[in-house]
Amino acid sequence: MKKWILGGLVALSATAFAAPGTVTVQHLADAPSYFSIMIAGNGTLDGTYPGWCTNWAKHIDDNVPYSFHWYSSYSDSIPAGLIAHPENLDEMNWVINQKFVGKDAGANLGMYTSGDIQLAIWTLIDDEFDSSTVGPFSQARVDKVVAMALQHNGYKPKCRDDIGILVDPGTPQGTVFEIPRENFYKCHVPDDDTK
């Protein structure tokens with residue numbers, strides 16, 4: 001059993017893949033995620049997913065289909081510069097698997113919002129961002145999420161958890177979308193779906 005688990009994690013960590021297709025985003029308000037991300041024309045990942053921005057400094061337009069490359073957030077082959085702090089992608093994966101939005105933050109902090117989670121993700125993986133585009137948020141809730149995430153260095157999603165797939169559309173901003181690992185054969189992310 002341990003060999004199977006280890007083998008699955010090795011396959012996951014070595015994953016990078018790219019293929020023809022388009023990505024289209026829609027910014028959301030008062031929703032469980034910052035974006036709705038639609039993948040089309042690829043086959044392997046076609047569908048609509050909850051998603052988040054990974055690079056605040058770039059802009060991406062709603063409802064415009066962009067050609068793209070994508071990578072597992074556990075890949076050793078993520079291009080340099082795509083993510084400012086790839087060392088925190090495991091913590092980001094922990095965050096997206098907690099499904100914080102709409103839950104009580106406790107300590108009289110109110111309910112977590114998608115703005116809180118987007119800012120927490122930027123804090124973990126980006127260098128430059130501000131809060132002007134995220135909608136309602138509380139810095140205290142953001143700080144709480146980041147502090148909890150940093151306690152989960154080395155987090156690996158289980159089969160029924162989601163994994164973050166990084167989307168690189170070139171000049172427009174990068175994004176990450178959440179997809180259950182169980183959607184893939186034996187819970188693996190494909191090594192390269194162009195081969």
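Where is the place of Thr 24? Thr 24 sits in strand β1, residues 22–27; strands here are DSSP runs of E with at least two residues, and helices are runs of H or I with at least four, numbered from the N terminus.

A word on provenance: this is a predicted model, in which local features need pLDDT of at least 70 and side-chain atom pairs count only at pLDDT 80 or more, whereas totals for chains, interfaces and linings use all residues. Residues are numbered from 1 along each chain as its sequence is written, and side-chain values use heavy atoms, with hydrogens and water left out.

Thr 24 counts as buried, at 13% relative accessibility; buried means under 20% relative accessible area, with a 1.4 Å probe and protein chains only. Leaving aside neighbours within four places in sequence, Thr 24 is in contact (heavy atoms within 4.5 Å) with Ser 36, Ile 37, Met 38, Asn 63, Val 64 and Pro 65.

I turn to Pro 157. This residue is found in the loop between α4 (139–149) and β6 (162–168). Is Pro 157 buried or exposed? Pro 157 is buried, with a relative accessible area of 2%. Not counting residues up to four places away in sequence, Pro 157 touches Tyr 74, Asn 97, Asp 162, Ile 163 and Arg 181. Between Pro 157 and Trp 94 there are 63 residues in sequence, yet the C-alpha to C-alpha distance is 7.5 Å.

Note on methods
Buried < 20%, exposed > 50% of the residue type's maximum accessible area, 1.4 Å probe, protein only.
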